[in-house]
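Please read the following report alongside the sequence and the coordinates. It treats one chain first, then the contacts between chains, and then a few individual residues.

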Amino acid sequence: MTVTETVAPPGRGERGRVLAAFLRSRSGVAGAVLLAVVVLAALLAPVLAPYSPGAVHFETPFQLPRTVGFPLGTDDLGRDVLSRILFGARASLQVGLLAVALAVLVGTPLGLAAGWWRAADVVVSRLTDLTLAFPFLIIAVGLAAISGASLAGAAVALGVAQVPTMIRVVRAETLRLREREFVLAARAMDASGPRVLLTHVLPNAASSVIVQATVIMPVAVIGEALLSFLGLGIQPPDPSLGIMLSDAQQYLYRAPWAAVFPGVAIVLICLAFNLVGDALRDALAPGARR
Amino acid sequence: MGRYLAVRFGQGLVTLVLASMVVFAGVRALPGDPALALAGEEATPETVAAIRARLGLDGSLVEQYLRFLGSALTGDLGESTRTGTPVTELIATTLPVTGWLSLYAIVVAVVAGMAAGTLAAVYRGRGADLAVSGLSLVSLSVPNFWLGLLAILYLAVGLGLFPASGYVAVGEDPLRALWHLTLPALILGTGLAAIVMRQTRASMVDTLTADFVRTARAKGVSRGAVVVRHALRNSLLVVLTIVGLQLGGLVSGAVVTERIFGLPGFGKLTLDSVFTRDYPVIQGVVLVVTLAYIVINLVVDVLYSVIDPRVRVAGRSQ
Amino acid sequence: MSALLELRGLRVGYADERGAVTEVLHGVDLTVDRGEKVAVVGGSGSGKSTAAAAALGLLPGGGRVTGGQVRYDGEDLTAAGEARWRALRGARIGLVPQDPMSNLNPVHRVGAQIAEALTAHGLARGRAARDRAVELMAEAGIPDPARRSRQYPHEFSGGMRQRVLIAMALAAEPDLLLADEPTSALDVTVQRRILDHLAGLTEARGTAMLLITHDLALAAERADRVVVMHEGRVVETGPAGRILTAPADDYTRRLVAAAPAIGGGTRAAPAPAAPEPVLVVDGLVREFRVRGSRERVRAVDDVSFTVDAGTTTALVGESGSGKTTTARIVLGLDRPTAGTVRVGGTDPFRSSRRERAAVRRAMQPVFQDPYGSLDPTSSVARIVDEPLRVLRVGDAASRRERVTELLDAVALPAATASRRPDELSGGQRQRVAIARALAARPGLVVCDEAVSALDVLVQDQILELLTGLQRDLGVSLLFITHDLAVVGQVAHRVVVLRAGRVAEQGPVDQVVGAPAADYTRELLAAIPGGG
């Protein structure tokens, strides 16, 4: 028996190819850099912030940005806007990560089950419809009414509201993969449903889950700001970008900077995730691989 | 087609019943006894029992639920514990404000989003695409209530282009009403427009590289005609689904937009009821939002089967 | 008089996003005269479809002409603008595309899509265009055209959709028809009817045709002249008869030699003297409920056959014959409505879990699509030893040893073990799939269209591998295919299925050599270059 085709030299592997495709996207690289800056700033907030987020300086309210000691100015109580933004961003990322974790941990198994077993699909799609019928604000309203507004409550409301989309994504992937021949081959070996889901479906669906997580993250960050703005999320005196905006609304004309900078911070955080997510989606698309 | 819609209708009904149970259970899970709260500390047990009966809080939970469902079906959602106004009346006066605002925002978002998405897909990879795609990515990253604050600060107050607050009923003076709703609708529609744009672009790019588009061009059909006749219709399906699904986000957005622009809408009613623990109102509000979501998605399903002949056989794939 | 279509030293390259250009056509010369039928033959990656796209000015994505000329009726179109091309497309050059499923817009009525070919060139409008579309459908052989023109593509079968596409291509009476693999997605009997019809229509109109195909026999049968392409170059051009009988180029010679043909002799090992059945299928029935109604259809209707140890039984049939459903039931991926499957004496659907595991171990599949049958996230080693892990055979060390052994058996270097599927070619992937099937030393391998997606030369090698493995290991094969020509080379027994029922079965010499059923004869006659 002769080999008529030679095996190509070892490639960089799947991960290498995706990384290369990602690095080729300029917006993706920009997003990754921005993301690193945002995450570092939030992590190092206690080190970077000139003041504690709650520190009031009654003698210096409404300081303009670029005032000595207060690079981004102060609010009505003389609190340093920069320090509050750094700690607020930390809280935003916390809520975002919790919401994403909830959506991934609940949505992925439900999506896999719904795509694989018909009976599970019937139950899961009714639950999905039910959840979708409640906007995240309504869920947050309910949670706030029952157990009081809090960071955890906001994260749960935002996470629960994102579970249906995660289920939808994973279910669609499972449906696509279940008729693929490598899954049929595994079933012909009498491999059990959970085994096939774990060894074949989940690894192939993982990239879609990651991309969806980058979509959820900015939605959750904005959602946290919105809930806190309305008084349904993080409660003062804990720092939050949403609370800063809500405070600033009261003296909007007196100190517009107190409303502008926290908003810019939210935009930067979300933009970082959106840029990375977009570039990742393109890099993972089949066209970029071959 | 009839069968498919019947199935969807049945599913909607199931969702609605489940939702009503969730709402009912959620309200019962609230801490504190509203009857006690309402009666005051010095009330006799008889007074409390009377208030309890008036609020529909006597009897077993199943009884209470069935009674709640029964009166909800006849349009009786109870009375506000704060003002005594029937909940149905509160909803009837506030819903049109939010309805017009949302409709305005959807129209703006769909028109702008589809136009921009088409532009980006047709000029894929070139300047127009990069500009539009970049703008949509930024729009997705901006919290719309912050944008609202900036708009009030700079466009309404600073430049005096729009009224900063206030509301005129559409029935009274349609033009002035439109004028007052323009800025809030633009702000509310921003996020949706970005999503519509991205979906339109993606589906359009897919369609424009589809085999049947190449075949149409091989017939001698021009690029422009291909976009209009072949690609746009397919994209409309995607946009329809998006609008249906994004309704929840839109409602949340409307609540905060109304708060910023001082509109006496449904969102304001929701927030007020939460902060005053006016739970017949909370209950009614949630039911109405759920009902709206289910009805609108049913309408989307009907439209879907009108636009896409395949659905009449197989059903909308999700 | 100049040629109708002429490609002169045509070079085409594709630019990637960084602007680097990869050339895929390296100076192609090709002419089609008025009324002439020319066929371009080549494997995947030969550049035959790119040449056709260039002739329509419809190169996809980053494709562009980097050298040479495209000339039509004496006019150089290399630098022609979109407006000029649009005037030619449809009106002077018609296209019959490959896949009838994806080439019609699903949301428009069929009649309107045909009429569009007329309205685009201002040849007819409104009612007149719609009426002409109905006439064209009738000419293309679509029954009840007035009613069917108001239907949507999903209401048509594959063959009927292809007829719609032909009606569309001929609507504006072009001088040249580009037919890009027009029937490769269709059953052979449908293919024959449609090509006959197409030949009649072009004959009557005096239309020239450029037929793009991977099938040498089909090309020789349908064209006056054959152009053989390989890796972006024309390697040989000549009259159809001469190319088949006396190929001058080495590649063409290999292509001719590898093409399976009826009466080309068998390469199967002789069957053992004492037949001992490994698989017995008896009275198999599978019913499906029609969506949205209470009606039931029988996809498989009373099918019985056996596979003897060390031999190959082929299940042959067209789409809708029930051959895939039968294979799925045999593999345990679906349950029968009635009837029995016995593997080595046990019925997996009526036995304990342990017995069923033994059955699964005794039987493994090889599927059609070399790109879909291997998990892209696993290494080759993990793919090949998966059956051993699922069935808990041996320990890590013995499994590693077995993988090396198996890769050797399918003639892949041991280094392949650490590779991912997307680093391998289609043929190599199919070898990996075969190695996986053999891992647990099954008595029976079920090949579901295992060579159908491969180029002729690769298909030839895989068939050689399968028959070689049967000779060496004594493994039995259930070989499911639509291609009777391949059957003649590898099978000992043949079962011909039609609409869920067995039309005929028996030893290969009898079924292929002296068929008893009309349907088998029809199938044989439909094979290009055959009967």
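## Chain A: fold and extent

Of the 290 residues in chain A, 54% count as buried, a residue being called buried if 20 or more other C-beta atoms lie within 10 Å of its own, exposed if 12 or fewer, and partly exposed in between, with C-beta atoms placed from the backbone. This is a predicted model, in which local features need a pLDDT of at least 70 and side-chain atom pairs count only at pLDDT 80 or more, whereas totals for chains, interfaces and linings use all residues. Residues are numbered from 1 along each chain as its sequence is written, while chains are lettered from A and ligands numbered from 1 in the order in which they are written.

The secondary structure of chain A consists of 12 helices and 0 strands, where helices (H or I, at least four residues) and strands (E, at least two) are DSSP runs numbered from the N terminus. Along its principal axes, the C-alpha trace of chain A spans about 90 × 50 × 25 Å. Among the contacts in chain A with a separation of 6 or more, 70% come from residues 24 or more positions apart, two residues being in contact if their C-beta atoms, placed from the backbone, lie within 7 Å.

## Annotated regions in chains A and B

For chain A, an unreviewed UniProt entry places the feature "domain: ABC transmembrane type-1" at residues 89–277; UniProt positions are given here in the numbering of the model, feature names are shortened, and annotations may be inferred rather than shown by experiment. Over residues 89–277 of chain A the chain is 85% helix and 0% strand, with the end C-alpha atoms 19 Å apart.

For chain B, UniProt (again an unreviewed entry) lists "transmembrane region" at residues 103–123, 135–157, 177–197, 236–261 and 281–307. Residues 236–261 of chain B are 96% helix and 0% strand, and their end C-alpha atoms are 32 Å apart. Residues 281–307 of chain B are 100% helix and 0% strand, with 39 Å between the end C-alpha atoms.

## Contacts between the chains

Between chains A and B, 36 residues of chain A are in contact with 37 residues of chain B. On the side of chain A that touches chain B, two or more residues are given by each of helix 5 (118–132), helix 6 (136–147), helix 9 (193–230), helix 10 (241–250) and helix 11 (257–284) of chain A. Helix 11 of chain A gives the most to this side, with 9 residues. By class, the side of chain A that touches chain B has 28 nonpolar, 4 polar and 4 charged residues; Ala, Val, Leu, Ile, Met, Phe, Trp, Tyr, Cys and Pro count as nonpolar, Asp, Glu, Lys and Arg as charged, and the others, Gly among them, as polar.

The contact between chains B and C takes 21 residues from chain B and 23 residues from chain C. Helix 9 (211–218) and helix 10 (223–245) of chain B each supply at least two residues of the side of chain B that touches chain C, and helix 9 of chain B gives the most, with 7 residues. The class counts for the side of chain B that touches chain C are 8 nonpolar, 5 polar and 8 charged residues.

## Arg429 of chain C

C:R429 lies in helix 16 (residues 426–438) of chain C, and it counts as buried because it has 22 C-beta neighbours inside 10 Å. Leaving aside residues up to four places away in sequence, C:R429 touches C:P370, C:Y371, C:L374, C:P421 and C:L424. The C-alpha atoms of C:R429 and C:D347, which are 82 residues apart along the chain, are separated by 32 Å.

## Backbone features in loops

Most residues other than glycine have a negative phi, and most peptide bonds are trans. In chain A, the peptide bond from A:P236 to A:P237 is cis, with omega near 10 degrees, and A:P237 lies in the loop between helix 9 and helix 10 of chain A.

In chain C, C:E181 has a positive phi, near 45 degrees, and lies in the loop between strand 7 (176–180) and helix 7 (188–205). C:E181 is partly exposed, with 19 other C-beta atoms within 10 Å. The phi of C:R441 is also positive, near 50 degrees, and C:R441 is found in the loop between helix 16 and strand 16 (444–448) of chain C. With 14 other C-beta atoms within 10 Å, C:R441 is partly exposed.

## Confidence

Chain C averages a pLDDT of 89, and 98% of the residues score at least 70, pLDDT being the predictor's confidence in each residue, from 0 to 100. For the complex, the predictor gives an ipTM of 0.84 and a pTM of 0.84.
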